Amino acid sequence: MSYQQLYINGQWLSPKNGQTFSSIDPSNEQEIAQVAAASVEDAELAVQAARQAFDQTDWANQPKQRAAYLRAIAQEIRNQLDALAELEVRDNGKPLPEAVWDIQDAAGCFDFYADLAEQLDPNHEENIPLADERFNSVVRKEAVGVACAIIPWNYPLLMAAWKVAPALAAGCTLILKPAEATSLTAIELGRIAEKVGLPAGVLNIVTGIGGEIGPYLTAHPEIDKVAFTGSVPVGKQIMQSAAHNVKNLSLELGGKSAFIIFSDSDLDAAVEWIMFGIFWNQGQVCSATSRVLVQQEIYPELLQRLSAAAQKIKIGNGLDADVKLGPLVNAKQYQQVMQAIRQGQADGVQLLSGGQRPAHLPQGYYVEPTIFVDVPLEHPLWTDEIFGPVVAIRAFQHEQEAIQLANNSIFGLAGAVMSKDLARCQRVARKLRAGIIWINCSQPTFTEAPWGGYKQSGIGRELGVWGLENYLEIKQITSYSSDQPWGWYTS
Ligand code: NAD
């Protein structure tokens with residue numbers, strides 16, 4: 001299968017400059033595909049196609065048809081589940097069962113927004129009671145226009161679905177720019193769009209180098225909205241770039257989420273959810289609970305059990321049976337994570353277990369599940385997002401202290417709390433300054449519930465009805481219905 005073309009205006013086009021880049025299987029460091037590297041000329045074609053499809057077709061006024069396309073895409077993703085999941089493993093490295101979840105979730109996301117599109121009525125207008133009876137006012141919702149979605153590599157097809165599905169449901173047209181490390185399933189999404197007959201220009205898929213075409217797209221005056229998921233530094237650049245024409249902007253950025261474990265917790269459950277919270281997807285999860293606060297009474301026992309369990313995690317190629325930890329996505333990520341570990345060791349932070357490349361895996365970007373304990377509050381292992389299978393743990397004495405430590409972060413994406421005292425869990429959940437809080441678990445994510453962060457973790461919410469609102473403008477239409485003159489210039 002070739003990945004050397006861009007999907008623009010319903011056609012497969014080679015990049016104008018003929019450039020491609022390499023996509024690597026992180027389990028063996030071998031190239032699996034050459035991928036089209038769009039130039040700004042190609043990006044411009046995509047913008048024109050999306051603009052034309054929005055301005056010159058009836059796409060924005062046909063929610064029932066949009067719902068039918070979204071359902072057809074969901075069905076086709078399910079038809080191709082096995083192939084898409086395997087491709088995701090080869091491109092990203094994640095274990096196959098996790099890739100299967102992702103692809104199923106992506107299909108579910110298209111179905112969910114098909115349901116919401118079906119409920120949209122372009123003629124629906126809500127009367128707004130006004131204090132001044134001479135006026136009538138109605139409110140309606142309209143698609144924002146042309147959107148540009150820029151996504152990361154940790155959940156490639158799923159992150160595409162989180163943006164493409166609500167944008168199309170709302171009646172926007174779209175340019176999707178996948179991460180260069182994992183462009184393959186996004187291109188497959190283009191083939192699916194073509195197969196289900198999505199009108200030309202409604203969805204355009206432009207693979208390429210973020211630093212080259214990204215700023216062109218995010219500053220483009222013909223793009224009305226940018227929806228970005230990725231790192232905080234790039235999010236800040238995009239905010240500045242989008243300021244050129246004051247674009248509608250939503251940002252899903254990084255995190256350093258805290259997991260508070262109280263001493264009455266079931267220790268086996270605590271071990272399982274701590275591990276899932278940081279080792280799932282190799283820890284390359286924006287909401288990973290990468291800071292763990294454990295109440296002093298159970299600290300030694302929990303650490304001992306956690307370390308023993310982490311060392312039993314099967315590491316290897318994501319396609320091999322029972323593997324729970326695959327390679328990191330690429331050489332750059334591997335080096336960054338290893339650098340953070342080495343820095344921690346050099347600074348004398350206590351490494352409880354892991355911290356190495358597994359001895360039996362000399363090739364591929366593998367890192368052992370890594371546990372640092374008694375991590376100083378000001379150390380980067382405690383404060384910075386590492387985006388790998390590295391957890392930083394500390395003990396705490398009291399509830400207030402745990403809340404204060406959890407909230408002491410520039411991030412506010414997620415948080416988690418575990419205790420048999422459910423009233424305490426509910427109380428703590430309400431005190432944590434983050435957009436997503438889990439009680440007695442960490443990470444489960446549902447299409448129906450809002451997703452997004454406080455503080456530097458982002459702006460806006462994806463998923464659920466909030467995800468659809470992201471792509472809708474609110475318009476008021478106010479009529480003067482009095483027989484009387486306005487009387488401003490005459491007495
Ligand atoms: P990244 O910020 O390096 O890249 C994300 C995307 O932005 C890629 O498609 C990249 O090509 C593009 N890009 C790079 N430079 C650009 C520029 N100047 N202008 C426009 N686009 C540009 O992030 P990443 O390494 O792909 O992903 C990891 C980060 O994403 C982590 O920080 C993680 O926390 C975050 N993330 C957040 C969420 C969330 O929901 N909050 C979900 C997944 C990942």
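Visitor: In which helix do D55 and R51 lie, and how many residues apart are they?
Guide: Both belong to helix α1 (residues 40–55), and they are four residues apart, about one turn of the helix. Helices are DSSP runs of H or I with at least four residues, strands are runs of E with at least two, and both are numbered from the N terminus. The model is predicted: local features need pLDDT of at least 70, side-chain atom pairs count only at pLDDT 80 or more, and totals for chains, interfaces and linings use all residues. Residues are numbered from 1 along each chain as its sequence is written, and side-chain values use heavy atoms, with hydrogens and water left out.

Visitor: What makes the contact of D55 and R51 a salt bridge?
Guide: The term requires a side-chain nitrogen of Lys or Arg within 4 Å of a carboxyl oxygen of Asp or Glu. Between D55 and R51 the N to O distance is 3.0 Å, so the pair meets the rule.

Visitor: Why is R51 called buried?
Guide: Buried means under 20% relative accessible area, exposed over 50%, and partly exposed in between (1.4 Å probe, protein chains only). R51 has 14%, so it is buried. D55 has 46%, so D55 is partly exposed.

Visitor: What are the N to O distance and the accessibility for the salt bridge of E118 and R71?
Guide: Their side chains meet at 3.1 Å, N to O. E118 in helix α4 (residues 96–119) and R71 in helix α2 (residues 63–79) are 47 residues apart, so the pair links distant parts of the chain. At 35% relative accessibility, E118 counts as partly exposed.
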